[in-house]
Amino acid sequence: MPFSASPVIRRARLGAELRQLRRRESLTLEQVCARLGWASTSKLSRIELGQSRPDLADVLDLLDVYDVPEAHRAKLIVIARDAATSRGWWKALGEMGERQRTYAELESGAATILEYQPALVPGLLQTPAYARLRVRAGQLLHPELDVEADVRARIARQEVLWGATPPQYTAVLDERVCEPGGAPEEVWREQLRHLVTVAGRPNLRLRVLPRGAAVEGGAHPLTPFACYSFPDPADPRTVLVEALTADVRLVAEHDVTRYERLGEWLLAAALSERDSATLLAECAAE
């Protein structure tokens, strides 16, 4: 997935910039929409919240209303084009469902990823056989899932780790992840060996959090989460918190900072990369 910018992040960035410009002009949503002849404020609100794919013509109209200088205008037009999400992006992501697509967009544009998993191997590190088991388990709660399509999507997402300019990926796995959890022995052994193999790649750090680890202040998270940063430091750092039916995307500075701090505490309490790889290898050999 050779993309330098994540559309979902560019939409968030564009929305934040446009909201700041509107407030600088002391304009309300209603006043801007009245000037542009837009029927309601919901359209502008969705653009500012990064919830819709912006039309470039609408963005140009907004820049005219806010009287944006040429240099700043040119920069925002580039961001707006990234945010508009070209067809090539969607074609490259293939037949992914909405949840997988959100992860893929964030991963493919990221400079760094820090992921914590309390019970399962992260999607970016799953073998096809293990992924198939996990998707089938998820089908119990989501009967609409297409198992094989979802497995193909997970494998396609993993390409981001092996490209020419991959993100720096750090995975913190609770020690429970080292247990088979009902998986057939051959599937589980293959998965553990895969983790040991990929742990040696220069862009990947794999750390195991042992049972009873003394995490700072006892702040042991109960749900999986992932923190993303991007090559352009002005793009908003993002956290994705995994939930049962939908994932929660956080971009507010105070939310992201707290999760990043929690990630640092988890890393401080986890085994070293070498000891983590040794533990995984021993589990695979048992």
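Me: Is D58 buried or exposed, and what is its relative accessible area?

Reply: This is a predicted model, in which local features need pLDDT of at least 70 and side-chain atom pairs count only at pLDDT 80 or more, while totals for chains, interfaces and linings use all residues. Residues are numbered from 1 along each chain as its sequence is written, and side-chain values use heavy atoms, with hydrogens and water left out. A residue is called buried under 20% relative accessible area, exposed over 50%, and partly exposed in between (1.4 Å probe, protein chains only). D58 has a relative accessible area of 13% and is therefore buried.

Me: Which residue forms a salt bridge with D58, and where do the two lie?

Reply: A salt bridge is a side-chain nitrogen of Lys or Arg within 4 Å of a carboxyl oxygen of Asp or Glu. The partner of D58 is K43, and their closest N and O atoms are 3.0 Å apart. This pair links distant parts of the chain, since D58 is in helix α4 (residues 56-65) and K43 in helix α3 (residues 42-48), 15 residues apart. Such helices (H or I, at least four residues), like strands (E, at least two), are DSSP runs numbered from the N terminus. K43 has 34% relative accessibility, so K43 counts as partly exposed.

Me: How many salt bridges does the structure hold, and which residues are linked in a network?

Reply: There are 21 salt bridges in the structure, and a network of them links R10, R13, E17, D82, D232 and D235. Within helix α1 (residues 7-24), E17 and R13 are 4 residues apart, so about one helical turn separates them. Their side chains meet in a salt bridge of 3.1 Å, N to O, and both residues are buried.

Me: What parts of the chain does the salt bridge of R237 with E260 tie together?

Reply: In this pair the closest N and O atoms are 2.7 Å apart. R237 lies in the loop between β4 (225-229) and β5 (238-241), whereas E260 is in helix α11 (residues 253-269), so the bridge ties together parts that are 23 residues apart in sequence. R237 is partly exposed, at 26% relative accessibility, and E260 is also partly exposed, at 24%.

Me: How do helix α10 and helix α12 cross?

Reply: Axes are lines fitted to C-alpha atoms, for helices over the stretch in contact, and angles run from 0 to 180 degrees between N-to-C directions. The axes of α10 (residues 185-198) and α12 (residues 273-285) come within 9 Å and cross at roughly 155 degrees. Angles under 35 degrees count as roughly parallel, over 145 as roughly antiparallel, 65 to 115 as roughly perpendicular and the rest as oblique, and α10 and α12 are therefore roughly antiparallel to each other.

Me: Which residues make the contact of α10 with α12?

Reply: Contact means heavy atoms within 4.5 Å. From α10 the contact uses R189, L192, R193, L195 and V196, and from α12 it uses A277, L280, A281, C283, A284 and A285. A284, which lies in helix α12, touches R189, L192 and R193, not counting residues up to four places away in sequence. At 6% relative accessibility, A284 is buried.
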